[in-house]
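Thanks for making the time this morning.

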Amino acid sequence: MNITVPKIYGLVLSGGKSTRMGNDKGLIDYHGIPQREYLYNLLKASCDDAFLSVREEQKNELRVNYNCILDENKYRGPLNGILSAHHKYPNVSWLILACDLPLVDKETIETLISKRDITKVATAYATNKSKLPEPLIAIWEPNGLIKSVDYMRTAKSSCPRKFLINSDVKLIYPKQDDVLYNANSLADLEYAKTKIVQ
């Protein structure tokens with residue numbers, strides 16, 4: 001039996017309000033350009049295509065003509081951006097990156113792609129410490145996204161991690177947990193900058 005392997009499109013989730021940081025996390029400069037553009041370029045180099053997930057009012061902020069998917073606002077939390085992308089291109093797999101991952105690099109993305117298991121709902125990184133799936137640095141397969149829609153209809157929580165914890169997911173672990181570090185506050189930002197090798 002031949003199994004069709006869906007293409008992988010990359011998606012940078014940058015439509016959040018960044019309330020804890022105090023300014024747009026996607027615009028922070030860790031690598032010489034806004035973070036959302038840095039991650040987009042990494043995904044563009046490794047995936048079949050790449051997109052930025054943005055709110056309507058953010059679209060005009062982009063300096064160049066990046067591929068964008070506007071949030072549909074049908075769901076709560078990060079799944080809003082993920083499922084907006086799924087609705088636009090339902091037959092592809094989505095490699096999701098949150099824009100608050102300043103230490104993600106090309107190797108991190110290529111390792112995720114190389115260890116992808118298309119028979120699972122998703123292939124996700126997990127820290128060695130927590131052993132819990134990181135839904136915002138993961139490849140979501142089309143079947144998994146369909147199941148997440150059903151989950152959102154009945155779930156009390158919109159947390160994508162809770163969905164993955166209760167699903168058939170392949171977990172992979174980084175050499176160093178820091179590569180999965182989330183920078184959500186000014187203190188986090190300063191710590192991340194100390195870890196970036198220029």
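What radius of gyration would a compact globule of 198 residues have, and what does the chain have? Please keep in mind that this is a predicted model. For 198 residues a compact globule would come out near 16 Å, and the chain has 16 Å, so the two agree. Along the principal axes, the C-alpha trace spans about 50 × 35 × 35 Å.

In terms of secondary structure, there are 6 helices and 7 strands, and reading along the sequence gives the pattern β-α-β-β-α-β-α-β-β-α-α-β-α. Of the contacts in the chain with a separation of 6 or more, 69% are between residues 24 or more positions apart.

The largest nonpolar core here has 28 residues, and the members that touch the most others are Leu43, Leu52, Leu95, Leu97 and Val104. Two or more residues each are contributed by β1 (8-13), α1 (35-46), β2 (49-54), β4 (93-98), α3 (106-114) and β6 (133-140), and the largest share, 5 residues, comes from α1. If we take Val104 and set aside its neighbours within four places in sequence, its contacts are Tyr38, Leu39, Leu42, Leu97, Ile109, Ile137 and Val179. There is also a second, separate core of 25 residues, which includes Leu11, Trp140, Ala155 and Phe163.

Is helix α2 mostly covered or mostly open? Helix α2, residues 79-88, is mostly covered, with 8 of its 10 residues buried; among them are Leu79, Gly81, Ile82 and Leu83, and also the polar residues Asn80, Ser84 and His86.

I will finish with one backbone detail, for which the background is that most residues other than glycine have a negative phi. Lys131, although not a glycine, has a positive phi of about 60 degrees, and Lys131 sits in the loop between β5 (122-126) and β6.

Technical notes
Residues are numbered from 1 along each chain as its sequence is written. This is a predicted model: local features need pLDDT of at least 70, side-chain atom pairs count only at pLDDT 80 or more; totals for chains, interfaces and linings use all residues. Side-chain values use heavy atoms; hydrogens and water are left out. Helices (H or I, at least four residues) and strands (E, at least two) are DSSP runs, numbered from the N terminus. The radius of gyration is taken over C-alpha atoms; the globule rule is 2.2 Å times the number of residues to the power 0.38. Contact means heavy atoms within 4.5 Å. A nonpolar core is a set of buried Ala, Val, Leu, Ile, Met, Phe, Trp, Tyr and Cys residues joined through side-chain atoms within 4.5 Å. Buried means under 20% relative accessible area, exposed over 50%, partly exposed in between (1.4 Å probe, protein chains only).
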